[in-house]
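Please look over the sequence and the model shown here before reading the short report below.

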Amino acid sequence: MVLPVSIIGANVLRQVAKDIDKDYPKLKEFIDDLFETMYDSDGVGLAAPQVNKSIRLFVVDASPMEEEDPELKDFKKVFINAHITERSGDIISMEEGCLSIPGIREEVKRETKIRIEYYDENWEFHDEYFEGMAARVIQHEYDHLDGILFTDKVSPLTKRLLKGKLRDISRGKFSAHYKVRLGDGRVA
Ligand SMILES: [Zn+2]
């Protein structure tokens, strides 16, 4: 089922999400819904808070970016109870966008290498390193679990320039080709 994507201004996007247990109700269906919603909106990642659930879970499928980075060929994964334990490597600036902030793309600086602990959809534990584009996609989605949006990480000048636009977006002044949920609960 395609779920509405929460838009900047929604409280859920600012909460620190909680770990879940193995008996979390209807987890498999929820993961399926996350993937379906992500594909429907042409995203390469989607975090649970973006569909109004404050739990530490996100999915990624960056395989469509294979042409830009061959290492992304099979980069389709589920991250449950994700915790980044190390960030290292160079700090690189790259343009990012977010389904929760339609129409905005800005340069964001991030480390090129991370170490992350998580469980997959079969509750297998992983403690892994990721680099390059994979590390970037993970860090963007991971930030959603901590209530952080990429527009929090832009330069002070860009932040000032964005202020009015972000306010407009939170009030519903934007166009998106996918189903959305505004901060006041309106679904469009
Ligand atoms: Zn995002």
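The report turns to the basis of the model, then to a sheet, and then to a helix.

## Basis of the model

This is a predicted model, in which local features need pLDDT of at least 70 and side-chain atom pairs count only at pLDDT 80 or more, while totals for chains, interfaces and linings use all residues. Residues are numbered from 1 along each chain as its sequence is written, and side-chain values use heavy atoms, with hydrogens and water left out.

Five strands form an open sheet in the order E2-E3-E4-E5-E6, with antiparallel pairing; strands (E, at least two residues) and helices (H or I, at least four) are DSSP runs numbered from the N terminus, and two strands pair if DSSP finds at least two bridges between them. Strand E2 (45-47) and strand E6 (125-131) are the edge strands, each pairing on one side only. E5 and E6 are joined in the antiparallel sense over seven bridges, and Arg115 stands opposite Tyr129 in E6.

## Helix H3

Helix H3, residues 156-170, has 15 residues and reaches 20 Å from its first C-alpha to its last, close to the 21 Å expected at 1.5 Å a residue, where the expected span is 1.5 Å times one less than the number of residues. Just after H3, Gly172 takes a positive phi of about 95°.

The buried residues of H3 are Thr158, Leu162, Leu166 and Ile169, buried meaning under 20% relative accessible area (1.4 Å probe, protein chains only). An α-helix has 3.6 residues a turn, so residues three or four places apart point the same way.

Note on methods
Buried means under 20% relative accessible area, exposed over 50%, partly exposed in between (1.4 Å probe, protein chains only).
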